[in-house]
Amino acid sequence: MPFDSTGKISFDHIYTEPDPRAFFGTLRRLDYAIPQQAKAYFAKLIDEYRAETGVAVPTVLDLGCSYGVNAALHRCGTSMERLYDHYRDCESLSRDELIARDRRMVATDSVRFIGLDASAPALDYALAAGFIDEAIHADLESEDPTEEQRALLADVDIVISTGCVGYVTEKTLVRIARENRPWMAHFVLRMFSYRPVAESLADFGYETTGIDGVFPQRRFASDEEQSQILDNLSVAGVDPRGLEDGGRLYARLYVSRPNGAAGGLASALNALPLRDQG
Ligand SMILES: C[S@@+](CC[C@H](N)C(=O)[O-])C[C@H]1O[C@@H](n2cnc3c(N)ncnc32)[C@H](O)[C@@H]1O
């Protein structure tokens, strides 16, 4: 399997299929768990936002949403474990049949989800399945949003992401932040520094907090991948002992808020249990 420029295995091929079967099939074998780890934190953040602002139905942008994974976990009241089972052993179903089956999992929800991704097929699926309400097909690393995309970004109250910062940098996050200064919560692999993002967002009046704890993201795909990532961590001055040297990638959670927003948020998130199995 090819490696990307950061030393990780490249999964580009599973992000652009017409449906999520290859995505879940591949990531299940690696125990990809970060959306599950994130679920309770995102739910808490959304609740805090409602309490702080009085907005009953906040608009949440899932950055790098792929097939609408974080929205599906929230909206379908499900878990990664159950999604892995759901998309397993269903090769005989057509895409339309799969979508119809997915739509039956979706419950009415008091969150409006917008998905942003560079993959049009993944977004099309997430919309058709009802996991997200609107889609922004964009690569904001390389260009500004269109007027239509800016109008959607101007509605965003909260930005969430798993497995995306690293693919995207402060270039994307600044282009989002300047439209409506949304709250943000990103799970970021320890091999990537959040400092450039935090510093760029500070220019827009944001304060950033790193939440206590580390979160298992997935197993290494091979010894070669592990060895490359351990090299990268060493260059970055990050100690892998007891974590990545045991065979998994780990992420941290960063919350960036515009000045004056929800002072108790970081401590409320810190108070959550680190592992959510539900
Ligand atoms: C590892 S997947 C994470 C998917 C999902 N958030 C999850 O955790 O299950 C990374 C996603 O980022 C998207 N991506 C990569 N580069 C991007 C960019 N420049 N802008 C938007 N999305 C991008 C990919 O298409 C892919 O869907």
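In this predicted model, Glu-91 is placed in the loop that runs between α5 (80–86) and α6 (95–103). Its relative accessibility is 66%, and Glu-91 therefore counts as exposed, the cut-off for that class being over 50%. Glu-91 also contributes to a negative surface patch, in which the other members are Glu-81, Asp-85 and Asp-89.

Gly-77 is found in another loop, the one between α4 and α5. With 45% relative accessibility, Gly-77 is classed as partly exposed, because that class covers values between the buried limit of 20% and the exposed limit of 50%. Gly-77 and Ala-107 are separated by 30 residues in sequence, and their C-alpha atoms are 8.0 Å apart in space.

Aromatic contacts were examined next. A pair of aromatic rings is described by the distance of the centres and the angle of the planes. The structure contains 13 aromatic pairs. One of them joins Tyr-15 and Tyr-167 in an edge-to-face arrangement, with 6.3 Å from centre to centre and 85° between the planes. This pair links distant parts of the chain, 152 residues apart: Tyr-15 belongs to helix α1 (residues 12–15), whereas Tyr-167 sits in the loop between β4 (158–162) and α9 (170–180). Tyr-167 is partly exposed, since its relative accessibility is 37%.

Phe-23 and Tyr-67 make up another edge-to-face pair, for which the centre-to-centre distance is 5.6 Å and the angle between the planes is 65°. Phe-23 is part of helix α2 (residues 21–29) and Tyr-67 is in the loop between β1 (59–63) and α4 (69–75), so this pair ties together parts that lie 44 residues apart in sequence. Both Phe-23 and Tyr-67 are buried.

Side chains of opposite charge can pair when their charged atoms come close. The structure holds 18 salt bridges. In one of these, the side chains of Asp-19 and Arg-21 meet at an N to O distance of 2.8 Å. Asp-19 has a relative accessibility of 10% and thus counts as buried. Arg-21, at 19%, is likewise classed as buried, because the limit for this class is under 20%.

Asp-144 takes part in a salt bridge with Arg-175, with 2.7 Å from N to O. The partners are 31 residues apart and connect distant parts of the chain, Arg-175 being in helix α9 and Asp-144 in the loop between β3 (134–137) and α8 (147–153). Arg-175 is buried, its relative accessible area being 17%. Asp-144, in contrast, is partly exposed, with a relative accessibility of 45%.

The side chain of Asp-144 also meets that of Arg-178 in a salt bridge, at 2.8 Å from N to O. Arg-178 has a relative accessible area of 41% and is accordingly partly exposed.

A network of salt bridges links Asp-31, Arg-219 and Arg-248. Asp-31 is located in the loop between α2 and α3 (34–53). Its relative accessible area is 33%, which means that Asp-31 falls in the partly exposed class. The backbone of Asp-31 has a phi near 55°, a positive value in a residue other than glycine. Most residues other than glycine have a negative phi.

Arg-181 likewise has a positive phi, in this case near 45°, and is a residue other than glycine. Arg-181 lies in the loop between α9 and β5 (183–189). With a relative accessible area of 37%, Arg-181 is assigned to the partly exposed class.

Methods: Residues are numbered from 1 along each chain as its sequence is written. This is a predicted model: local features need pLDDT of at least 70, side-chain atom pairs count only at pLDDT 80 or more; totals for chains, interfaces and linings use all residues. Side-chain values use heavy atoms; hydrogens and water are left out. Patches are made of residues with over 30% relative accessible area and no salt bridge: like charges are joined within 9 Å, nonpolar side chains (Val, Leu, Ile, Met, Phe, Trp, Tyr) within 5 Å. Accessible areas come from the Shrake-Rupley method with a 1.4 Å probe; for residues, only the protein chains shown count as cover. A salt bridge is a side-chain nitrogen of Lys or Arg within 4 Å of a carboxyl oxygen of Asp or Glu. Lys and Arg count as positive and Asp and Glu as negative; His and the chain ends are not counted. The place of a charge is taken as NZ of Lys, CZ of Arg, CG of Asp or CD of Glu. Helices (H or I, at least four residues) and strands (E, at least two) are DSSP runs, numbered from the N terminus. Buried means under 20% relative accessible area, exposed over 50%, partly exposed in between (1.4 Å probe, protein chains only). Rings of Phe, Tyr and Trp (its six-membered ring) pair if their centres lie within 6.5 Å; planes under 30 degrees apart count as stacked, over 60 as edge-to-face and the rest as tilted.
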